[in-house]
Amino acid sequence: MKTVAPWTRFYSSSCCLCCHVRTGTILLGVWYLIINAVVLLILLSALADPDQYHFSSSELGGDFEFMDDANMCIAIAISLLMILICAMATYGAYKQRAAWIIPFFCYQIFDFALNTLVAVTVLVYPNSIQEYIRQLPPNFPYRDDIMSVNPTCLVLIILLFISIILTFKGYLISCVWNCYRYINGRNSSDVLVYVTSNDTTVNYLKLPGS
């Protein structure tokens, strides 16, 4: 009698490029880890040399400071937290520890919700895009070209772009979720009950890795 493990019945164990969900989650965690490490280095360099991120009035049409010290410290703290979360997800997927993946999964849900809120805002308040573009500095790249686009077409283009991003993020969320369920299923006890016809002895078999 062939038995099918419960963690393979209700979801897929493969993701993009036909790799396993564990491999996909590890690659995703490493990718986010690299990005946040680069952001942290940029923030630390900006904190060490604040004049590098201070733009004069001739450049932006007004005296503008990229970030003050308080916001810079908050951004550095967030980057450190993100590095910790990504490292936990990578380690959890590699060592098959499902609980370590939960913080990264929660971050993905939060990020998806924020992007969805942006899409809803664009859909409900389409004029906000034009107002935001008008507030950009006069020498901002392609500012005049964007302003010349029909407002309806601009809204549709932005909504299409956000929809593509949401679809991709949703796929990554499903990959991490499937990895969590796969690992959680592998670590839980799977009991197979065999009852013989000659006696009433019940044998319990625990799968390897349980």
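On a 1 Å grid over the protein atoms alone, a cavity is a set of points where a 1.4 Å probe fits but cannot get out, and a pocket is an open set with protein on both sides within 12 Å along at least five of seven lines; lining residues have an atom within 4 Å of a point. Grid points are joined across faces, edges and corners, and a volume is the space filled by probe spheres set on the points.

The model is predicted, with local features requiring pLDDT of at least 70 and side-chain atom pairs counted only at pLDDT 80 or more, while totals for chains, interfaces and linings use all residues. Residues are numbered from 1 along each chain as its sequence is written, and side-chain values use heavy atoms, with hydrogens and water left out.

**The second largest cavity**

Select Tyr32, Tyr107, Gln108, Asp111, Lys169, Leu172 and Ile173, which line the second largest cavity. The space in this cavity is about 50 Å³, and the count of cavities of 30 Å³ or more is two. Its lining comprises four nonpolar, one polar and two charged residues; here Ala, Val, Leu, Ile, Met, Phe, Trp, Tyr, Cys and Pro count as nonpolar, Asp, Glu, Lys and Arg as charged, and the others, Gly among them, as polar. Helices H4 and H7 each supply at least two residues of this lining.

**The whole chain**

Seven helices and four strands are present, where helices (H or I, at least four residues) and strands (E, at least two) are DSSP runs numbered from the N terminus. From the N terminus on, the order of elements is α-β-α-β-α-α-α-α-α-β-β. Of the 210 residues, 27% are buried; buried means under 20% relative accessible area, exposed over 50%, and partly exposed in between (1.4 Å probe, protein chains only). Among contacts (heavy atoms within 4.5 Å) with a separation of 6 or more, 61% join residues 24 or more positions apart.

**Annotated spans**

Colour residues 30-48, 74-94, 101-126 and 146-168, which an unreviewed UniProt entry lists under "transmembrane region". UniProt positions are given in the numbering used here, feature names are shortened, and annotations may be inferred rather than shown by experiment. The span 30-48 is 100% helix and 0% strand, with its end C-alpha atoms 27 Å apart. Residues 74-94 are likewise 100% helix and 0% strand, and their end C-alpha atoms lie 30 Å apart.

**The nonpolar cores**

A nonpolar core is a set of buried Ala, Val, Leu, Ile, Met, Phe, Trp, Tyr and Cys residues joined through side-chain atoms within 4.5 Å. Select Leu28, Ile101, Phe104, Val176, Cys179 and Ile183: of the 18 residues in the largest such core, these touch the most other members. Helix H1 (21-48), helix H3 (69-95), helix H4 (102-124) and H7 each supply at least two residues of this core, and H7 gives the most, with six. Centre the view on Val176: leaving aside neighbours within four places in sequence, Val176 is in contact with Thr25, Leu28, Ile101, Phe104, Phe105 and Gln108. Apart from this core lies another, of 10 residues, among them Ala119, Val122, Leu154 and Leu159.

**The second largest pocket**

Move to Ile129, Tyr132, Ile133, Leu136, Phe140, Ile146, Leu154 and Ile158, which line the second largest pocket. Helix H5 (127-134) and helix H7 (151-187) are the elements giving two or more residues to this lining, and H5 gives the most, with three. All eight lining residues are nonpolar, with no polar and no charged residues. The space in this pocket is about 160 Å³.

**Individual residues**

Select Ser79 in helix H3. Ser79 is buried, with a relative accessible area of 5%. Leaving aside neighbours within four places in sequence, Ser79 is in contact with Asn36, Val39, Leu40 and Leu43.

Then follow the loop between H3 and H4 to Gln96. Gln96 has a phi near 60°, a positive value in a residue other than glycine, and is partly exposed, with a relative accessible area of 23%.

Finish with two pairs of residues. Leu160, in helix H7, is exposed at 55% relative accessible area; Leu160 and Ala119 are 41 residues apart in sequence and 9.5 Å apart in space, C-alpha to C-alpha. Val120, in helix H4, is partly exposed at 43% relative accessible area.
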